[in-house]
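Dear colleague,

Please find below the structure that I am handing over to you. My findings follow directly after it.

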Amino acid sequence: SEKLVYNKKKAPHIFEWRAKLCHVRLNYRSCEVDLWMGDGPIPRDELLRRIVGKNGLLCLVTEKINEEVLNAAGGTLQVISSFSVGLDHLDIDSIKKRNIRIGHTPGVLTDAVAELTITLLLAASRRIFEAHNEILNGGWSRSCLSPLWMCGKELRNSVVGIAGMGRIGFGVLERLQSFKIAKALYTARSEKVHANAIGAEKVSFDELLEKSDFVICCLSLSPEVSGLFDSSAFKKMKNSAIFVNVSRGGLVVQEDLIQALKTGEIHAAGLDVMTPEPLGSDHELLKLDNCTVIPHIGSATYTTRLAMGMLAAENLLAGLQGSKMPAEYA
Ligand code: DGY
């Protein structure tokens, strides 16, 4: 009999999701499930206590799976299945050293994140939250006759740079086609034929920064690119540029971004990810009119979260059975 622990995230569709998970579970002969039912992420001490002797773990990005957790689990742990595509919350080397298999959820969230990226870019460039606040604070009645009131930047005729042309970068590029942009630039380790085929051009990181009106970060976080967007990167960007990050906060030196936004080195930013998460409600980022901040909701649609849950469960069960996982991180 296998033992596993997985984490529950509150969602309005939780019943449908649970029913499907139960279905997967019943198909697996004898599987004992220890489910965290509390509100929010499982507290660290609970995780450390409940992981002991388990064979599998289904976790969210909120759980840092490092030596501490692996040591607490002991030698029984065979598979870790993350309810995410990004795996920067896992200490991959330590996990691999112990021959523990890793599953994640690529593909099923691409469209939701790409849609959210466009939403965030437009919200930042057209100052959507600021405009909403203008209604609440009386600004609309005071300023509505001024022609430049609440003006923003438009995508039409602009150069858009996408750092990282993986699935999500390409999903964003595809969606940009309908906005009549002048040019799309991207960075990647190699030429991406599918991106080139729709008119995008691979350039160096510096060229992307220098030429883009919008810079969108779609890179996966790894030690090589941690803090890539620092003061020198923001200095290379146009003063009129809008920076969007939908990947991980760790790709940005946040203090440098705040400086760049305050001094007008760049025009505005839209962030779905930041450091730390969750961000305190009194954080400096939230005090900047030219910074649109949303709470890491890239994949948060009912359909996508259900698909992620199913894939994560299937990865876990396949890992426990020693069979091919639908999405194993090799
Ligand atoms: C992922 O899957 O990595 C997302 O960022 C979490 O929603």
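I begin with strand β7, of whose five residues four are buried, so the strand is largely enclosed by the rest of the structure. Please bear in mind that this is a predicted model.

β7 (183–187) belongs to an open sheet of seven strands, ordered β8-β7-β6-β9-β10-β11-β12 and paired in parallel. The edges are taken by β8 (201–202) and β12, each of which has a single partner strand, so one side of each is left without a neighbour in the sheet. As background, strands of a sheet pair through backbone hydrogen bonds, either parallel or antiparallel.

On one side, β7 pairs with β8 in the parallel sense over two bridges. Here Leu185 stands opposite Glu201 in β8. The pairing of β6 with β7 is also parallel and consists of five bridges. Helix α8 lies across β6 (159–163), β7 and β9 (214–217), and runs at about 165° to β6.

Further along the sheet, four bridges join β9 and β10 in the parallel sense. Within that pairing, Val215 has Phe243 of β10 as its bridge partner. In a regular strand the side chains alternate between the two faces of the sheet. In β10 (residues 242–245), Ile242 and Val244 point one way while Phe243 and Asn245 point the other way, and all are buried.

**Strands β3 and β4**

β3 (residues 56–59) and β4 (residues 79–82) are parallel partners, with four bridges between them. Cys59 stands opposite Ser82 of β4. Gly56 and Leu58 point one way from β3, Leu57 and Cys59 point the other way, and all are buried.

**Helix α12**

Which residues of α12 (residues 254–263) are buried? They are Gln254, Leu257, Ala260 and Leu261. Seen down the helix axis, the buried residues of α12 fall within an arc of 120°, so they line one face of the helix. The cover over these buried residues includes α11 (231–236), β11 and β12. On the face of α12 turned away from the buried side are the exposed residues Glu255 and Thr263. After α12 comes Gly264, with a positive phi near 80°.

Is Gly280 buried or exposed? A residue counts as exposed if 12 or fewer other C-beta atoms lie within 10 Å of its own; Gly280 has 9 such neighbours and therefore counts as exposed. From C-alpha to C-alpha, Gly280 and Ala318 are 38 Å apart in space, and they are 38 residues apart in sequence.

Arg127 has a phi near 55°, a positive value in a residue other than glycine. Arg127 sits in the loop between α5 (110–125) and α6 (128–136). It is buried, with 20 other C-beta atoms within 10 Å.

Lys180, which is not a glycine either, has a positive phi of about 60°. Its place is the loop between α8 (167–176) and β7. Whereas Arg127 is buried, Lys180 is exposed, with 11 other C-beta atoms within 10 Å.

**The ligand surroundings**

Which residues surround the ligand? They are Val61, Ser84, Val85, Gly86, Leu109, Gly298 and Ser299. By class, this shell contains three nonpolar and four polar residues, and no charged residues.

Yours sincerely

Notes
Residues numbered from 1 in each chain as written. Predicted model: local features only at pLDDT ≥ 70, side-chain atom pairs only at ≥ 80, totals over all residues. Near = placed C-beta within 6 Å. Nonpolar A, V, L, I, M, F, W, Y, C, P; charged D, E, K, R; others polar. Arc of directions from axis to C-beta. Contact = placed C-beta atoms within 7 Å. Pairing = 2+ DSSP bridges. Axes fitted to C-alpha atoms, helices over the stretch in contact; angles between N-to-C directions.
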